[in-house]
Structures are given as structure tokens and as C-alpha cells.
Amino acid sequence: MSSSTDYDASTPLAREIADLNRRRRAIATQQFPLPEKTRVFTVSNQKGGVGKTTTTVNLAAALAHGGARVLVIDLDPQGNASTALGVEHQAEVTSVYDVIVDEAPIADAVQRSPESETLWCVPATIHLAGAEIELVSLVAREQRLRTALDQYLSSLDEPYHYVFIDCPPSLGLLTINAFVAAQEVLIPIQTEYYALEGLSQLLRNIELIERHLNPNLRVSTILLTMFDGRTNLSNQVAADVREHFGDQVLKAVIPRSVRVSEAPSYGQSVVSYDVNSSGSLSYLEAAAEIAARGAQD
């Protein structure tokens, strides 16, 4: 007769625990190959609520956890990435607004995140809310972030391995600046109804920017977020996205997770908030996949 402490290894909970343990062991031994030159990503989706800022912060933290030097540029006036990375972004702080409007050097605005010794952030302040209007009359208005970023990166003795630019959920001059400054676009897509709504317009806009402003831009990475494997809807949306976009879609998917939602309120990524949670493991797996793909290019 089995004791009361025994459990059935075939139950869903037992299988889930076993799977998490297997994934923890695998990621603990995972090597994150470092790129030879800085990879600059813009994280974008014109649809709100898809986990864009969450993805930016947690991928950056996961790559830093894996040994990379990472810079996050918060280009969203809400400043949520700055909050999640625990950096100061009150109105008087030198920020990305000063960089793109007043041509301040990025070196004056960059702050190290308490998340990691190898993670930095250029914060967004409330001033950025008016930047769209101010940029209209400025010279080379679409290229101001790229000019500042190129100057900053070329001045460093120890380069960053990754730069992630977090965009607002709209296609204005701030987002155009992000696309012009990047080489790669990462699109988070939530596995829910209307997931692909607006995506064709985003891809057309990226194509226009590639044609007219930045010939080096490409959609390299699509990440499925808010995945719930128990629902037919999540599985169907994931299958549709994979069928449509093929190898651009990461194998790793980000589940709905309480820990992922809680972490920003503590000024942390989920990687530092609860490294053993399913959300943290998923972002570490996605980061490892991004790193491996870069090594293959």
C-alpha cells in the first residue's frame, strides 16, 4: 500500500512540476553565445496590451543574466520599462527626451539598472509625451535616435551585445525613430482573439521604413505571449502564427503568469523577482534562443 506522502506521477500537476524541473536543469546549463557586434532590436506592436514592455524588460534581464551587456532605451512616454528596471525617471532626470529633442549625448542619460551589473537603461520621462509634436519641426526628425545611438556605441571601449528599444503602441515619430535606429524588429503577439488584427498594417509600415529610411531593418523575431496551453484558442492562434511566419517565430512561448504581472510593481524583472517561476524560465528560454540565432547569422 502506498503511503499518504506518495503522489501519482501521472497527474497534470505532477507532470507540470516534472516539466518545470526539467526546464530549470536545461536552462542552468544553457550557454548564451555573445554576438560579435551589437544587435539592436525594436520591440513593437501597434496593438496595445500584448506584453511589449514586459517582453522588452524580461528579455533584456534574461540576456544580462546570461552574461550579455544590454541597453534598454525606453521610448514609451508611459515610462513603464524604466519603472520595471528600477531606474530614476522623474521629470528632472536626463532622459531619452533630451537625447532626441535637445541632442544630449546618450552617455548623459544612461543609468545602470539595479537588476544586473550588465544591464543599463535610458529612461523615459513625462516630457516625452510632447516629443511627437516637437519633433515635427526638427531637422532629420526620423533619424535623431539613430544618430545619437551610433555616436554612443562608437564611443564605448566595451560595447553592448544587445540594445532593446521599447516603443509606444502607435506609429508616430517616436516609433519611426526606433525603427530607423534598429536592425531587427521583435514583435510580441498575444495568443488571443484578434491577435493578428493590425499586424498586416505594422508589417507594411516596417516595409515602408525599410524601403525609404533603413534598408537594414528586418522582422527577425516573433514571440508568442499570454499563452494558455489549456485552451483551444491559444493553441489555434499559436499554430496560425507559426504557419504564417515560420522560422521567425521563437519556439519558446510566454505563458500567462502571475509572477510576470507582479514583478514590475517591485521594480524588477521576473528573472530577478522569481527566477524559478514558469514565466522566468520562458523568458530565459526565449533569450537563449535569440542568442543562439544571432550566433548562427
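A residue is taken as buried when its relative accessible area is under 20% and as exposed when that area is over 50%, values in between being termed partly exposed. In this predicted model, Arg144 has a relative accessibility of 11% and therefore counts as buried, whereas Glu103, at 60%, counts as exposed. These two residues form a salt bridge in which the closest N and O atoms are 3.7 Å apart. The pair links distant parts of the chain, since Glu103 lies in the loop between helix 4 (96–102) and helix 5 (106–109) and Arg144 in helix 7 (residues 144–154), 41 residues apart.

The count of salt bridges comes to 14. Another of these joins Arg218 to Glu184, with 4.0 Å between the closest N and O atoms. This pair, too, connects distant parts of the chain, with Arg218 in strand 7 and Glu184 in strand 6 (residues 184–190), 34 residues apart. Arg218 counts as partly exposed because its relative accessibility is 40%, while Glu184, at 4%, counts as buried. Both residues belong, together with Arg39, to a network of salt bridges. A further salt bridge is formed by Asp228 and Arg230, whose closest N and O atoms are 2.9 Å apart; here Asp228 is buried at 18% relative accessibility, and Arg230 is exposed at 76%.

An unreviewed UniProt entry carries the annotation "domain: AAA" for residues 39–218. In the model, the end C-alpha atoms of this span lie 12 Å apart, and the span is 38% helix and 16% strand.

The largest pocket holds about 800 Å³ of space. Its lining comprises 24 residues, of which Asp19, Arg23, Pro255, Ser278 and Ser282 are the closest to its centre. At least two lining residues come from each of helix 1 (12–28), strand 8 (249–255) and helix 13 (278–296), and helix 1 gives the most, with seven residues. By class, the lining of the largest pocket divides into ten nonpolar, four polar and ten charged residues.

The second largest pocket, with about 520 Å³ of space, is lined by 30 residues, those nearest its centre being Gly51, Lys52, Thr53, Thr54 and Met226. Helix 2 (52–65), helix 3 (80–84), strand 7 (218–227), strand 8 and helix 11 (258–262) each supply at least two residues of this lining, the largest share, five residues, coming from helix 2. The lining of the second largest pocket has twelve nonpolar, 14 polar and four charged residues.

Key
Residues are numbered from 1 along each chain as its sequence is written. This is a predicted model: local features need pLDDT of at least 70, side-chain atom pairs count only at pLDDT 80 or more; totals for chains, interfaces and linings use all residues. Side-chain values use heavy atoms; hydrogens and water are left out. On a 1 Å grid over the protein atoms alone, a cavity is a set of points where a 1.4 Å probe fits but cannot get out, and a pocket is an open set with protein on both sides within 12 Å along at least five of seven lines; lining residues have an atom within 4 Å of a point. Grid points are joined across faces, edges and corners, and a volume is the space filled by probe spheres set on the points. Helices (H or I, at least four residues) and strands (E, at least two) are DSSP runs, numbered from the N terminus. Ala, Val, Leu, Ile, Met, Phe, Trp, Tyr, Cys and Pro count as nonpolar, Asp, Glu, Lys and Arg as charged, and the others, Gly among them, as polar. UniProt positions are given in the numbering used here, feature names are shortened, and annotations may be inferred rather than shown by experiment. A salt bridge is a side-chain nitrogen of Lys or Arg within 4 Å of a carboxyl oxygen of Asp or Glu. Buried means under 20% relative accessible area, exposed over 50%, partly exposed in between (1.4 Å probe, protein chains only).
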